[in-house]
Amino acid sequence: MTFLQPALLAALPLAALPVVIHLIHLYRRRQVKWAAMMFLRMAQRMNKGLSRLRQILILALRVLAVAAIIFVVTRPLAGGWLGLTGGAPDTVLVLLDRSASMEQKNTATGVSKRAAGLSNLAKAIKDAVGTRSRLVLIDSALGKPVDLGKADDLTSLPQTEATDTEADMPGLMQAALDYITTNKSGRTDVWVLSDLQQSDWEPSDGRWGTLRSAFLTMQGVRFHLLCYPQPAQDDLGVTIDHVTRHETSDKAELQLDLRITRHVDKPQPLEVPLRFVINGVATTMKVTIKENDLVMQALSIPISKTVKRGWGRVELPDDAWAGNNVFYFVFDEPPAMHSAIVSDDEAESGPLNAALSAAADPSRKYVTTLLSARRAAEIPWEDTALIVWQAPLPKPGDAIARQLSDHVAAGRTILFLPPESPDNTRIFGLGWASWKDESHDKPRNVEWWRNDSDLLANTRDGSALQVGSLEISRFCGIEGDGVPLARVAGGLGPLLMRSLDRGGNVYFLGTLPGPGSSSLARDGVVMFALLHRALNEGATSLGKAQQRFASANALGADPSKWKPVEQKASLPLRAGVVASGDNLIALNRPPGEDQPQVLSMPALDELFAGLDFHVLTNTLEDGHTLTNEVWRTFLLAMAVALLGEALLCMPGKREVPVVKSSMGAAAEK
Amino acid sequence: MAGDRRSFLEPAVLARLMALPLHARHAMLGSVSGKHRSPVRGSSLEFAQYRKYVPGDDTRRLDWRTWGRSDRFYIKEFEADTNLRICLLIDTSGSMGYGPAGATRLDYARRLAGTLAYLAAQQGDAVGLWSLAEKPLEIQARRGATHLGLVLDQMAGIEPVGGTTLLTALHDAAEKIRQRALVVVLSDLFVPPAELKSAVQHLRFRKHDIAMFHLLDQKEIDFDFDRPARFIDMEGGEAVMADPSLIARNYRIAVKQYMEEMNELVRTTGIDYHLVKLHERYEDVLVRFLLGRIPNRKGR
């Protein structure tokens with residue numbers, strides 16, 4: 001049994017109050033000088049057994065009544081037969097986290113978190129409310145409310161099957177709010193089944209505050225969070241960051257940036273077989289993972305020179321989470337790397353143009369279009385992977401702003417550089433502050449940069465970019481919410497920032513490459529790496545072979561034109577490869593699903609602060625049924641105890657004194 | 001001073017009760033002539049019986065008329081009237097102090113005993129006083145106003161203390177009261193009736209006429225309490241904590257059993273028993289007592 005207000009259990013010793021009062025009463029009761037002790041002692045002798053039993057029963061019932069009151073206010077939750085005694089809400093709303101990480105399994109039983117949670121939930125709902133409540137399911141993959149006829153449907157509906165998607169938990173909560181508001185669902189129990197993965201819950205998301213405020217205004221909405229936060233044991237996961245096809249005069253090969261991860265406290269070397277299947281042909285290699293991460297950059301897999309395009313997957317042996325043991329990829333002849341520079345300042349656009357036109361990959365063609373701000377609309381939107389925008393930010397609502405937004409939504413990249421006259425316009429949540437001219441002083445350096453990922457990450461061989469030796473003479477502040485990737489020394493603020501706008505690759509760089517502003521152009525290497533990484537990011541959505549993350553919208557508005565290359569169902573929610581004509585798309589779980597971080601209980605408490613909620617943390621090994629609020633049972637117990645106590649305290653039927661007649665008889669004699 | 005000490009005597013009540021004689025229910029062996037029957041034949045005007053003359057009889061008592069009619073000698077016997085010896089046995093154990101100050105059970109007993117003593121003395125009977133307590137007081141029955149004064153003064157001075165010694169005191173009294181007497185017991189009789197019966201039979205064996213005033217408060221019969229209380233034994237015993245709501249029923253059963261046993265005692269010993277509730281007027285109790293003792297002429 002658990003309690004919604006467990007702190008109030010501290011009041012449980014108050015249950016002994018009747019006993020204490022009884023004892024006090026015993027020693028402080030009034031004194032009566034009594035002569036007829038003979039009768040009193042006789043009565044006590046006659047009464048001894050039953051009287052004591054009665055007194056003990058009365059005390060026990062009083063203690064029970066007080067304890068029951070305390071239990072009522074602590075709002076107990078119980079499953080099983082006790083749970084049956086709880087009241088039924090009007091609506092039971094099940095919010096199901098169908099993210100890929102919910103497929104982590106108990107290796108002993110082979111049951112996933114999702115399956116175990118659904119099974120428990122179905123049983124609990126069946127036990128607790130039966131068919132008395134309206135049962136509605138909203139799953140994270142589709143986000144649509146589905147009416148369920150019975151609780152058992154939870155384990156059989158396609159809407160509750162496994163996916164390789166991520167879960168937008170604030171979005172799911174918003175869907176619940178919309179449902180409750182639209183349908184006026186009355187007293188509603190919202191059951192949330194999730195593994196509390198931080199990337200899904202996004203506790204920093206601004207929507208949580210709004211949701212909390214909205215739910216606070218509602219009466220009768222209770223949240224039950226059924227959580228499975230335990231990570232899978234000894235789980236290995238594989239991801240591929242980039243796949244490129246290289247061809248030389250004598251051979252062709254696929255170069256994969258591959259990463260194998262695990263999350264153990266004391267990593268021991270482990271040899272794992274890695275199986276590659278490319279266009280249906282399998283090869284296996286063994287690798288040894290010594291730490292928690294094994295990164296293999298540009299791993300070469302030889303292919304036939306005649307194979308220009310195709311698909312494949314990399315597989316690890318089965319473990320507690322089969323979902324992250326496979327990663328799909330597609331490849332094709334690489335498209336030309338189109339970039340566009342929008343700038344009116346030739347001194348600045350020159351170095352940029354030179355860097356972007358230089359081939360980072362000799363097998364690919366690099367094309368850069370240089371446009372002035374007035375001609376920005378002429379950007380070849382379809383082919384451009386990266387736009388470098390060194391011009392005033394477009395106003396929201398402008399046609400060019402919408403085009404830029406579409407560009408980002410299509411998976412392409414924009415790098416914003418500060419204009420000479422920044423204004424307070426914002427785009428993608430970020431904007432420019434004012435220039436800070438440091439030319440008269442000693443140039444500033446970069447004091448910190450993120451070297452584990454993103455544009456300034458270390459190189460493939462692990463060596464760091466020489467970001468620290470950059471000299472910043474002029475610096476333009478960046479305003480808004482974003483992820484800082486580099487910071488200028490002296491507390492001037494972030495030099496490079498990534499927008500938090502979901503799914504977009506939008507960067508703001510707070511200086512210019514020209515010699516008047518920084519040493520970016522002079523040193524060249526950092527700028528080259530930065531620009532080409534941004535270009536490569538944008539280029540992933542170019543061409544006829546694309547990598548995407550599994551989601552309901554992954555295949556666009558008309559997913560029916562896409563056919564799986566293997567016989568796999570549930571696309572686009574499951575990982576796999578789909579084809580439509582010449583186009584290939586590899587669908588995989590989003591990278592956030594591989595992150596082991598889960599929401600802490602304090603963070604969860606903060607998200608639901610002020611709301612009526614309780615958390616049930618189950619492990620996969622739990623076979624317990626779920627719980628229902630059973631305070632009514634304790635209220636009933638209290639009433640029964642008080643009634644019993646009243647009956648026991650009720651004075652017996654008053655007898656007509658027989659003394660008078662006896663006396664009379666005696667007197668007559 | 002004497003008047004204060006004898007405040008338990010109410011002149012108005014005495015005046016009213018003077019009209020009622022105090023009779024013994026059995027023949028008494030008094031020392032002087034009085035109003036009460038004697039077991040010996042005497043010279044009163046009350047005819048008792050004829051019996052045949054035997055040599056040695058006083059010839060003055062021959063009934064010559066009967067001789068004249070029947071030519072046989074008969075002695076005509078008359079009842080002998082003698083005075084009454086009344087012994088007032090007052091229980092002075094701690095339980096007699098029950099009741100509000102000035103209206104305790106002992107006060108009530110004192111009123112009854114004092115009034116009876118006065119009435120008896122007024123009709124020329126001898127009055128004695130015995131207190132049934134750990135420190136016994138024994139005043140043998142004597143006649144006279146001075147002796148009455150002594151009895152009343154002693155009566156005024158007794159206090160309810162200590163445990164009950166009723167049974168031993170009754171046995172003691174049975175042994176010590178020399179001649180037939182009217183033994184008036186005034187007590188709460190909180191003793192087992194079977195043991196009391198033994199003491200009463202002892203008194204009866206000594207040919208005493210026994211009157212018993214059983215003084216009880218209505219509360220002691222009904223046990224009419226509404227709240228639990230600590231009942232402290234007035235005779236120095238331990239305290240008993242009791243919840244009347246739990247115990248009252250059995251208390252009344254105990255009282256009922258006790259009273260049934262008392263009935264049996266009264267029935268088998270033939271004592272003059274009076275259950276007196278302390279809220280009753282003692283004058284009424286005495287009227288009932290005195291009227292009950294007026295002899296039935298036919299039955300005599």
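Colleague: In what sense do β2(A) and strand β8 of chain B pair, and over how many bridges?

Modeller: In this predicted model, β2(A) pairs with strand β8 (residues 229–233) of chain B in the parallel sense over 4 bridges, where two strands pair if DSSP finds at least two bridges between them, and strands are DSSP runs of E of at least two residues, helices runs of H or I of at least four, both numbered from the N terminus. Residues are numbered from 1 along each chain as its sequence is written, while chains are lettered from A and ligands numbered from 1 in the order in which they are written. Local features need pLDDT of at least 70 and side-chain atom pairs count only at pLDDT 80 or more, whereas totals for chains, interfaces and linings use all residues.

Colleague: And which residue is the bridge partner of Val32(A) in β8(B)?

Modeller: That partner is Phe231(B).

Colleague: Stepping back, how many residues of chain A are in contact with chain B?

Modeller: There are 36 residues of chain A in contact with 39 residues of chain B, a contact being two residues whose C-beta atoms, placed from the backbone, lie within 7 Å.

Colleague: Which element of chain A gives the most to that side?

Modeller: Helix α2(A) does, with 13 residues, and the elements that each supply at least two residues are α1 (17–28), β2 (31–34), α2 (37–74) and α14 (659–668) of chain A. By class, the side of chain A that touches chain B has 21 nonpolar, 8 polar and 7 charged residues, with Ala, Val, Leu, Ile, Met, Phe, Trp, Tyr, Cys and Pro counted as nonpolar, Asp, Glu, Lys and Arg as charged, and the others, Gly among them, as polar.

Colleague: New topic: at what angle do α4 and α5 of chain B pack?

Modeller: Helix α4 (residues 105–122) and helix α5 (residues 145–157) of chain B pack at about 180 degrees with their axes 10 Å apart, the axes being lines fitted to C-alpha atoms, for helices over the stretch in contact, and angles running from 0 to 180 degrees between N-to-C directions. That is why α4(B) counts as roughly antiparallel to α5(B), since angles over 145 degrees are roughly antiparallel, under 35 roughly parallel, 65 to 115 roughly perpendicular and the rest oblique.

Colleague: Which residues meet there?

Modeller: Among them are Arg110(B), Ala113(B) and Tyr118(B) in α4(B), and Leu148(B), Val151(B) and Met155(B) in α5(B); the contact divides into 9 nonpolar, 1 polar and 1 charged residues.
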